[in-house]
Amino acid sequence: MADNLTDNPIHLGLGATAFSEPRFTGDPAWYQAYGERHANDGAEGRLVSLHQFTEPWTVWEMHPVGAEVVMCIKGEMSLIQQMEDGSEKQIALQEGEYAINPPGVWHTADIEAEATALFITAGQGTENRDR
């Protein structure tokens with residue numbers, strides 16, 4: 001049976017393992033349970049997810065222990081990274097283009113119309129704050 005990445009993200013773990021995750025809810029409890037399931041993978045674990053957007057993000061997020069790949073696979077989006085000195089870097093992404101959020105860099109995104117993005121995230125210790 002095939003899974004849909006929007007509904008069931010994938011965890012890439014130690015030893016080149018891959019696991020289909022339970023249905024994604026977006027709720028903080030989902031992320032907490034995900035972290036508990038894969039705690040033994042530590043900083044090397046990666047969450048692969050697919051999300052569709054029709055409006056700008058309402059939060060900033062930051063992944064302290066690893067880089068995150070953001071690939072636009074449909075539409076356009078503007079990834080905004082907040083540098084250590086407080087300056088912001090905007091990266092326009094169109095279909096097939098990607099950017100990397102370095103560890104510890106706060107980031108958010110603007111969406112003018114519609115966009116679908118693939119994320120490969122080192123999620124351990126992820127933090128969020130209001131935009």
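Me: Which loop is Ala-16 found in?
Reply: In this predicted model, Ala-16 is found in the loop between strand S1 (10–13) and strand S2 (17–20).

Me: And is Ala-16 buried or exposed there?
Reply: Ala-16 counts as exposed, because its relative accessibility is 79% and the cut-off for that class is over 50%.

Me: What about the phi of Ala-16?
Reply: Ala-16 is not a glycine, and yet its phi is positive, at about 60°. Most residues other than glycine have a negative phi.

Me: Switching to the strands, how many bridges join S5 to S8?
Reply: Strand S5 (residues 68–82) is joined to S8 by 5 bridges, and the two strands run antiparallel. One of the pairings is that of Ile-80, whose bridge partner in S8 is Thr-108.

Me: Is S8 largely enclosed or open, and why?
Reply: Strand S8 (residues 106–110) is largely enclosed by the rest of the structure, because 4 of its 5 residues are buried.

Me: Back to S5 then, where does Gln-81 lie, and is it buried or exposed?
Reply: Gln-81 lies in strand S5, and it counts as buried because its relative accessibility is 2%, where the cut-off is under 20%.

Me: What does the side chain of Gln-81 reach?
Reply: The side chain of Gln-81 reaches the backbone oxygen of Ile-100 at 3.0 Å, and a polar contact of 2.8 Å joins it to the side chain of Asn-101.

Me: How far apart are Gly-66 and Arg-46?
Reply: Gly-66 and Arg-46 are separated by 20 residues in sequence, and their C-alpha atoms are 9.2 Å apart in space.

Me: New topic, what volume does the largest pocket have?
Reply: The volume of the largest pocket is about 810 Å³. Its lining has 29 residues, of which Tyr-31, Leu-47, Glu-61, His-63 and Thr-126 are the closest to the centre of the pocket.

Me: Which element gives the most to that lining?
Reply: Strand S3 gives the most to the lining of the largest pocket, with 6 residues. Helix H1 (28–37), S3 (46–53), S4 and strand S9 (115–121) each supply at least two.

Me: How do the residues of that lining divide by type?
Reply: The lining of the largest pocket divides into 10 nonpolar, 16 polar and 3 charged residues.

Me: And the second largest pocket, which residues line it?
Reply: The second largest pocket, with a volume of about 170 Å³, is lined by Glu-76, Met-77, Ser-78, Ala-92, Leu-93, Gln-94, Asp-110, Ile-111, Glu-112, Ala-113 and Glu-114. The elements that give two or more residues to this lining are S5 and strand S6 (88–94).

Terms used: Residues are numbered from 1 along each chain as its sequence is written. This is a predicted model: local features need pLDDT of at least 70, side-chain atom pairs count only at pLDDT 80 or more; totals for chains, interfaces and linings use all residues. Side-chain values use heavy atoms; hydrogens and water are left out. Buried means under 20% relative accessible area, exposed over 50%, partly exposed in between (1.4 Å probe, protein chains only). Two strands pair if DSSP finds at least two bridges between them. A polar contact is a pair of N or O atoms within 3.5 Å; within protein, one must be able to donate a hydrogen and the other to accept it, and residues adjacent in sequence count only if both atoms are side-chain atoms. On a 1 Å grid over the protein atoms alone, a cavity is a set of points where a 1.4 Å probe fits but cannot get out, and a pocket is an open set with protein on both sides within 12 Å along at least five of seven lines; lining residues have an atom within 4 Å of a point. Grid points are joined across faces, edges and corners, and a volume is the space filled by probe spheres set on the points. Ala, Val, Leu, Ile, Met, Phe, Trp, Tyr, Cys and Pro count as nonpolar, Asp, Glu, Lys and Arg as charged, and the others, Gly among them, as polar.
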